[in-house]
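Please read the following briefing alongside the sequence and the coordinates. It is arranged by topic, so that each point can be checked in turn.

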Amino acid sequence: MRPTCRHCVGVVIAALAVVSPVHSAPAPVPEHVPVTTPVHATPYSPEGAEEQGLWMEVDETERRLKTSPQLISDPALNGYVRSVLCRTVGERQCAAARLYILRTPDANASMAPNRMIQLNSGMLLHLTSEAQLASVLGHEFAHYEHRHALLFFRESKKKNSASLWLAMTGIGLLAAFGIENSLFRYSRDMEREADMDGLRRMAAAGYAQSEAVAPWKLLRAEWDGTAAERKRRSHSISDDKADGTHPSMAERIAYTEAEAAKQAPGAEIGTAPYQAALGRWLPGFLDDQVKRNDFGASDVLIAQLAERTHSPWLLVAHGDLYRTRAQPGDLDKAAGFYGEALAADGDLPLARRGRGLTLLKLGRADEAKADLRAYLARSPDAPDRAMIAMLAGEHP
Amino acid sequence: MKAPIRLACATALILAAASPALAWKLVNQGDQVIIGKTTMVVTAPSGWNRITTGYVTGSEIWTIDGTLLNELYIASDIAAGKPLLYEFNKKDNPLPKFADTMQLTDLPDLLERTWRVGRKAVVFKTDAVEPAKLGGHDAVRIRYEYVPDGNHLTYKGVVTAAIVGGQLQLVLFEAPALFYYDRDHVRAEAVMDGVTFRVIPVAKP
């Protein structure tokens, strides 16, 4: 959702080829004067050497993406995301966009100047409704349509040239900081514009704008969760300074909620269709998250997702999270989560496996072996069959 | 001599003086190698190249053609609270740590979580987890594959790990799935099978 390096102009320039992340929100709600003019020509062709060069670069990135082992080519998932994109930005505009869903747990999305949209599996995991997906896609499409990457490239080229000349004087270094700040300010303006444009698209498509803030609130809560677990200062505090490429989450939440309050009630949220579409991918995406070694963030994420959706896979993931941390009290909690998952769906082999391994550590060998045998019976091709069979006292 | 050349020569001399630990050495078939002054002893079943500075204390890296093509990572006596790899970013991206309460069934998960952080592994797949022996101790052999984030190359690996005296012992081989893994993993597994543990004499007070 946010670039890794926030203070490195060079990286930002390079990153612009793959525009920027999605939305996120301090208190005063700014007046949104249009910063740039969108392009409406379809199909749009790049104009001038700079834009053509930028397209050429991202075309090369796209060429590599097509054969990436991380690419999720599931037609059902791709078809669903595309249908939401088309509903949000319009059939005519959406036809020219090319969508790539990538398996990586970072919650991020981007749209390049050449109409290539990248959506990470981590972002899909952080969303709970179709309206939230529409807000992400609408925001990214606004970056494309307003040609933000090109405009930022031109702005940074202009300012970096001035910076280089100033660097030859005594005050050059001080001036460089000022130039960097002004570039980030420019980037923040474009993000605000994409946020507002995305919100307008959501409303036009009949989606509830209030949903757009949920992923930002979740990410802030995750930062706080990580900080609490690692006994460190939360990223939320530095984010509130809003001195990077994006406005602070707090600001984005504030102006989005102000805009959403104007929308008439009854707009579509679409939790059920979104959950159905995510369906078979959810266990894998959850596993990717649990194994990121960020207990605090994963704990918050899974708990908040469970408040809005009720998949037993969330309980299995929560069990796995506590079982693998294994601090005092964690194993009892893990056994509880697995038990709830099995109460909701008695046929989940991985819940049996998790509970079996947990009970084994808790010294409840007979119950553990029963669960492990049930896991083996339900998973004839399990990769750990030989090991689990040994624990369960069975021949593999 | 110009200043930059003098600086380069001085750096080279300093590096050369400090090099015994950094230099690659040949391991011949039948050589007995004590891994990083630890309890693990490897009797080489075939020739390898060896460097004694591994990713953590008490570890070594062996290779045939270069670590990007085939890497044998041997780490011994990893104590509780220590990671499997060097931690580049302890504050923001810490690696999971080995705990002496772990059982063999916890090790595949420890490996995967370590690789997801330390080697930016995505699309990680565990192909097999089997009981095994390492130096006569109960062990687990894990076969896995993964793609580093943003990379087009799939890596395959096999590791035999045991917990001996509350400390983690592992011998791990990893290579690109394309050609190198299939060619070399049997040779690496022979190294795993040639591990023994020694008793380190305790110094008299």
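The notes below cover the interface, the aromatic pairs and a few individual residues.

This is a predicted model, in which local features need pLDDT of at least 70 and side-chain atom pairs count only at pLDDT 80 or more, whereas totals for chains, interfaces and linings use all residues. Residues are numbered from 1 along each chain as its sequence is written, chains are lettered from A and ligands numbered from 1 in the order in which they are written, and side-chain values use heavy atoms, with hydrogens and water left out.

**The interface of chain B and chain A**

- On the side of chain B, 31 residues are in contact with 27 residues of chain A, where contact means heavy atoms within 4.5 Å.
- The two chains bury about 2400 Å² between them, and 53% of that area is on carbon and sulfur atoms; buried area is the accessible area (1.4 Å probe) that two parts lose on being put together, summed over both.
- Within chain B, the residues that lose the most area to chain A are B:Thr105, B:Arg113 and B:His152, which together account for 25% of what that side buries.
- Four salt bridges are counted between chain B and chain A, a salt bridge being a side-chain nitrogen of Lys or Arg within 4 Å of a carboxyl oxygen of Asp or Glu.
- B:Asp106 and A:Lys361 meet through their side chains in a salt bridge, with an N to O distance of 2.5 Å.
- Helix 2 (107-118), strand 7 (121-134) and strand 8 (137-148) of chain B each supply at least two residues of the side that touches chain A; helices (H or I, at least four residues) and strands (E, at least two) are DSSP runs, numbered from the N terminus.
- Strand 7 of chain B gives the largest share of that side, with eight residues.
- By class, the side of chain B that touches chain A holds 13 nonpolar, eight polar and ten charged residues, where Ala, Val, Leu, Ile, Met, Phe, Trp, Tyr, Cys and Pro count as nonpolar, Asp, Glu, Lys and Arg as charged, and the others, Gly among them, as polar.

**Aromatic pairs**

- Over all chains, a search of the whole structure finds 15 aromatic pairs; rings of Phe, Tyr and Trp (its six-membered ring) pair if their centres lie within 6.5 Å, and planes under 30 degrees apart count as stacked, over 60 as edge-to-face and the rest as tilted.
- The pair of A:Phe141 and A:Tyr144 is edge-to-face, because the ring centres are 5.4 Å apart and the planes stand at 65°.
- These two residues of chain A are three residues apart in helix 6 (residues 130-145), so about one helical turn separates A:Phe141 from A:Tyr144.
- A:Phe141 is buried at a relative accessible area of 1%, and A:Tyr144 is also buried at 7%; buried means under 20% relative accessible area, exposed over 50%, and partly exposed in between (1.4 Å probe, protein chains only).
- In chain B, the rings of B:Tyr86 and B:Phe88 have centres 4.9 Å apart and planes at 80°, so this pair is edge-to-face, and both residues are exposed.
- One aromatic cluster is formed by B:Phe124, B:Tyr144, B:Tyr146 and B:Tyr155.

**B:Asp65 and its contacts**

- B:Asp65 lies in the loop between strand 5 (59-63) and strand 6 (71-78) of chain B, and at 38% relative accessibility B:Asp65 counts as partly exposed.
- Apart from neighbours within four places in sequence, B:Asp65 is in contact with B:Asn70, B:Tyr180, B:Arg183 and B:Asp184.
- The side chain of B:Asp65 makes a polar contact of 2.7 Å with that of B:Asn70 and another of 2.4 Å with that of B:Arg183.
- B:Asp65 and B:Tyr180 are 115 residues apart along the chain, and their C-alpha atoms are separated by 9.5 Å.

**Residues with a positive phi**

- Most residues other than glycine have a negative phi.
- B:Asp77, which is not a glycine, has a positive phi of about 55°; B:Asp77 is found in strand 6 of chain B and is buried at 18% relative accessibility.
- B:Val123 has a positive phi near 50°; B:Val123 sits in strand 7 of chain B and is partly exposed, with a relative accessible area of 30%.

Note on methods: A polar contact is a pair of N or O atoms within 3.5 Å; within protein, one must be able to donate a hydrogen and the other to accept it, and residues adjacent in sequence count only if both atoms are side-chain atoms.
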